[in-house]
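Subject: Handover of a structure and of what was found in it

Dear colleague,

I am passing the structure below to you. Please look through it first, and then read the notes that come after it.

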Amino acid sequence: FFQKTLTAIKNWFTLFGWSKGQNPISVPYSLRRDVCKVQMTSSQETGFEQNLGKDTKTVYDMVFHLSGQLLPGVTSSKSLPLDPVERILQLHWQHSTLLAFLKSQGAYLPHVMPEFLLEPDDYKKWIEVQTALKVDGKNADILSDKHLVILEDSIFETISKRSWTDMLLQVYKVFVLTRVSSRNITDQLSLESVQKMPRIKSEPLSSNIYSPYERTILTWLNKHYEKNRKTVWKDCQKGGVPPMRWIVNFDRDLLDGLVLAAQLAAYCPYLIATHFVRMYTNPKSHEQFLHNCLILVNAMHAVSLAIDIKV
């Protein structure tokens, strides 16, 4: 389940998380690595800048693109300090600022500590620095055993991947999902056939699973399915008109492809004759489910809706 979630997140942020088109990412590896466009690299004799180029995109670029807001005091074009200790403190401060900013926007990340977003070597250096500060007594007022979490290498990698995954999910929640508008819900429900269906309440406390924005999307799915099912499949080659249904979740109710096909047909009715009439309207077997989803994905490709959805 976590791997499927991670793959979905990686695909979405690769396609839509950046300005100026796609930017392939790996979670957490490329996000941890690309923390600034200019990195200071030291050698024994001299120090020099390694310019990673204007095309290098950092997590701060992503947050700015999705939110339209700059993180206070953080710029991705700023180079990191040459001194290893200063560098690690700067990185930790940047990640702390990022987490604080996301929490101020409504993100729920109490389990993600800034050091979990560091690369493994940087995390070890952070532990060394904090341990030294604690021994010296310089940091005793703010540092206690509960603040310093020392993890083994394999455990750290797991925690870091989970932290980056959860952070991206929260970024999606607070900056993308909140764009869903409920302004046209009353118009959507004006159809007589839709009025007969049970309503999905949009009040914040009416569900402990879905947010008001997600329930708005469920209402939208119900509206288009009920409005279009008789039109889309009136000449169906593999069954009659599918029965009325109440769509209340995003997994089981979408498995047979019919609900999503009805949404697509609402905006691209010309796909009905070329694709959707060949769908099974009462699928029973895995093969029939697969058949429907193949047609759905082919229809998406036909209108250049290439969002990497697998059958």
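This is a predicted model: local features need pLDDT of at least 70, side-chain atom pairs count only at pLDDT 80 or more; totals for chains, interfaces and linings use all residues.

Residues are numbered from 1 along each chain as its sequence is written, and side-chain values use heavy atoms, with hydrogens and water left out.

Overall layout

The protein has twelve helices and two strands. Both kinds of element are DSSP runs numbered from the N terminus: helices are H or I with at least four residues, and strands are E with at least two. Along the sequence the pattern reads α-α-β-β-α-α-α-α-α-α-α-α-α-α. Of the 311 residues, 41% count as buried. Here buried means under 20% relative accessible area, exposed means over 50%, and partly exposed lies in between, with a 1.4 Å probe and protein chains only. Among contacts (heavy atoms within 4.5 Å) with a separation of 6 or more, 62% join residues 24 or more positions apart.

Helix packing

Two packed helices are described by the angle between their axes and the distance between the axes. The axes are lines fitted to C-alpha atoms, for helices over the stretch in contact, and the angles run from 0 to 180 degrees between N-to-C directions.

The axes of helix α3 (residues 59–67) and helix α6 (residues 153–175) come within 10 Å and cross at roughly 20°. That makes α3 roughly parallel to α6; angles under 35 degrees count as roughly parallel, over 145 as roughly antiparallel, 65 to 115 as roughly perpendicular and the rest as oblique. On the α3 side, Val-59, Met-62, Val-63, Leu-66 and Ser-67 take part, and they meet Trp-164, Met-167, Leu-168, Val-171 and Phe-175 of α6. By class, this contact of α3 with α6 has nine nonpolar, one polar and no charged residues. In this count, Ala, Val, Leu, Ile, Met, Phe, Trp, Tyr, Cys and Pro are nonpolar, Asp, Glu, Lys and Arg are charged, and the others, Gly among them, are polar.

The axes of α9 and α10 come within 8 Å and cross at roughly 80°, which makes α9 roughly perpendicular to α10. Residues in the contact include Trp-220, His-224 and Tyr-225 of α9, together with Leu-258, Ala-262 and Tyr-267 of α10. The contact of α9 with α10 has ten nonpolar, three polar and no charged residues by class.

Aromatic pairs

A search of the whole structure finds eight aromatic pairs. Rings of Phe, Tyr and Trp (its six-membered ring) pair if their centres lie within 6.5 Å; planes under 30 degrees apart count as stacked, over 60 as edge-to-face and the rest as tilted.

One of the pairs is that of Trp-12 and Tyr-172, whose ring centres are 5.0 Å apart with planes at 90°, so the pair is edge-to-face. Trp-12 lies in helix α1 (residues 2–16) and Tyr-172 in helix α6, so the pair ties together parts 160 residues apart in sequence. Trp-12 is partly exposed at 22% relative accessible area, and Tyr-172 is partly exposed at 30%. Trp-12, Phe-13, Phe-16 and Tyr-172 form one aromatic cluster.

Single residues

The loop between α1 and α2 (29–33) holds Asn-23, which is buried at 16% relative accessible area. Not counting residues up to four places away in sequence, Asn-23 touches Phe-13, Thr-14, Trp-18 and Lys-57. Lys-20 lies in the loop between α1 and α2 and has a phi near 60°, a positive value in a residue other than glycine. Lys-20 is exposed, with a relative accessible area of 83%. Pro-28 is also placed in the loop between α1 and α2, and the peptide bond from Val-27 to Pro-28 is cis, with omega near 5°.

Cys-293 is in helix α12 (residues 286–302) and counts as buried at 14% relative accessibility. Cys-293 touches Leu-255, Gly-257 and Val-311, not counting residues up to four places away in sequence.

With kind regards
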